[in-house]
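Thanks for coming. I have one structure to go through today, and I will take it piece by piece. Please look at the sequence and the model before I start.

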Amino acid sequence: MMRRTLENRNAQTKQLQTAVSNVEKHFGELCQIFAAYVRKTARLRDKADLLVNEINAYAATETPHLKLGLMNFADEFAKLQDYRQAEVERLEAKVVEPLKTYGTIVKMKQDDLKATFTARNREAKQLTQLERTRQRNPPDRHVISQAETELQRAAMDASRTSRHLEETINNFERQKMKDIKTIFSEFITIEMLFHSKALEVYTAAYQNIQNIDEDEDLEVFRNSLYAPDYSSRLDIVRANSKSPLQRSLSAKCVSGTGQVSTCRLRKDQQADDDEDEELDVTEEENFLK
């Protein structure tokens, strides 16, 4: 009867040990995977920062509307990375760290299990010794009584450690379920908050891209191709825009101006010739004298 009770207690202790080992295994895996998730998110934030820098560098080389649209997009995308940084910090504090603490908690429960197994083994050993004593020395009541006392003491110690273990594991299970609910609720809340902000930012970024005026920028680009000939083209446009009367008057003015210039030139040449002749006569007279 006593041995059957001992076996039942051992079965119960092994079940508790399985529960603790289960938490140790899966909480450890969850902690590692969540930590990797946070690291990947942080690396995504870093890559996004590089993308923002490259977009700004490219925007500086482009036409006005495209430049403005890209720079506004980069500003929104940079704002999103601030939200992502907050996501990383919250996940680390609210998800990864609580899971890490279970490494210490599980170790404490395993120590309690070891103490219980030690007490159970001592009880089983004392029971075996008592049975052997009864078989070997049935008439020796003193030795049998001493063995019974040792067994009773071991049984009380085992019972005490068993109750303590059962109470401890019960609290452990309750706290485990509460922590699981808290950790996963925090994870969902943090992700929902980030993605709601991301939706707002992406909406604004999308609008900035859609507001880019391709036609205006294309006109600016075309004008930049012919920038050196701009003044000559402007003169042609102005000339073509004059009325027939204005063109006729302009032609007469040009023609008259040409004639006056020609007459003046001829008169100046004749005056020079007269001066040369007078100079020659004077020199001849002086020579004859």
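Glutamate 97 is partly exposed, because its relative accessible area is 34%. By that label I mean between the two limits: buried is under 20% relative accessible area and exposed is over 50%, with a 1.4 Å probe and protein chains only. The accessible areas themselves come from the Shrake-Rupley method with a 1.4 Å probe, and for residues only the protein chains shown count as cover.

Before going on, a word on the source: this is a predicted model, where local features need pLDDT of at least 70, side-chain atom pairs count only at pLDDT 80 or more, and totals for chains, interfaces and linings use all residues. Residues are numbered from 1 along each chain as its sequence is written, and side-chain values use heavy atoms, with hydrogens and water left out.

Back to glutamate 97. Which side chain does glutamate 97 meet in a salt bridge? The partner is lysine 100, at 3.5 Å from N to O. A salt bridge here is a side-chain nitrogen of Lys or Arg within 4 Å of a carboxyl oxygen of Asp or Glu. Both residues sit in helix α2, three residues apart, or about one turn of the helix. Lysine 100 is also partly exposed, since its relative accessibility is 43%.

How many salt bridges does the structure hold? There are five. I will show two others. In helix α3, glutamate 173 and lysine 176 are again three residues apart, about one turn of the helix. Their closest N and O atoms are 2.8 Å apart in the salt bridge. Glutamate 173 counts as partly exposed because its relative accessibility is 21%, while lysine 176 is buried because its relative accessible area is 18%.

The other pair is arginine 45 with aspartate 46, a salt bridge with 3.0 Å between the closest N and O atoms. Is arginine 45 buried or exposed? Arginine 45 counts as buried, because its relative accessibility is 16%. Aspartate 46 has 37%, so it counts as partly exposed.

Now the overall layout. The protein has six helices and zero strands, so defined that helices (H or I, at least four residues) and strands (E, at least two) are DSSP runs numbered from the N terminus. Read from the N terminus, the order of elements is α-α-α-α-α-α. Of the 289 residues, 25% count as buried.

Next, the inside. The largest nonpolar core has 23 residues, and Val95 and Leu99 touch the most other members. A nonpolar core means a set of buried Ala, Val, Leu, Ile, Met, Phe, Trp, Tyr and Cys residues joined through side-chain atoms within 4.5 Å. Which helices each supply at least two residues of this core? They are α1 (2–59), α2 (64–136) and α3 (141–210). The most comes from α1, with nine residues.

Glutamine 32 itself is exposed, because its relative accessible area is 53%. Lysine 40 also belongs to helix α1, and 9.5 Å separates its C-alpha atom from that of valine 88, 48 residues apart along the chain. With a relative accessible area of 55%, lysine 40 is therefore exposed. Aspartate 75, in helix α2, is 19 residues from asparagine 56 in sequence and 9.0 Å from it in space, C-alpha to C-alpha.

Last, the surface of helix α4. Glu214, Asp215, Glu216 and Glu219 gather there in a patch of negative charge on the surface. Patches are made of residues with over 30% relative accessible area and no salt bridge; like charges are joined within 9 Å, and nonpolar side chains (Val, Leu, Ile, Met, Phe, Trp, Tyr) within 5 Å. Lys and Arg count as positive and Asp and Glu as negative, with His and the chain ends not counted. The place of a charge is NZ of Lys, CZ of Arg, CG of Asp or CD of Glu. Glutamate 219 lies in helix α4 (residues 214–225) and is partly exposed because its relative accessibility is 39%.

There is a nonpolar patch on the surface too: Leu218, Phe221, Leu225 and Tyr226, with about 420 Å² of accessible area together. Phenylalanine 221 is placed in helix α4. Its relative accessible area is 44%, so phenylalanine 221 is partly exposed.
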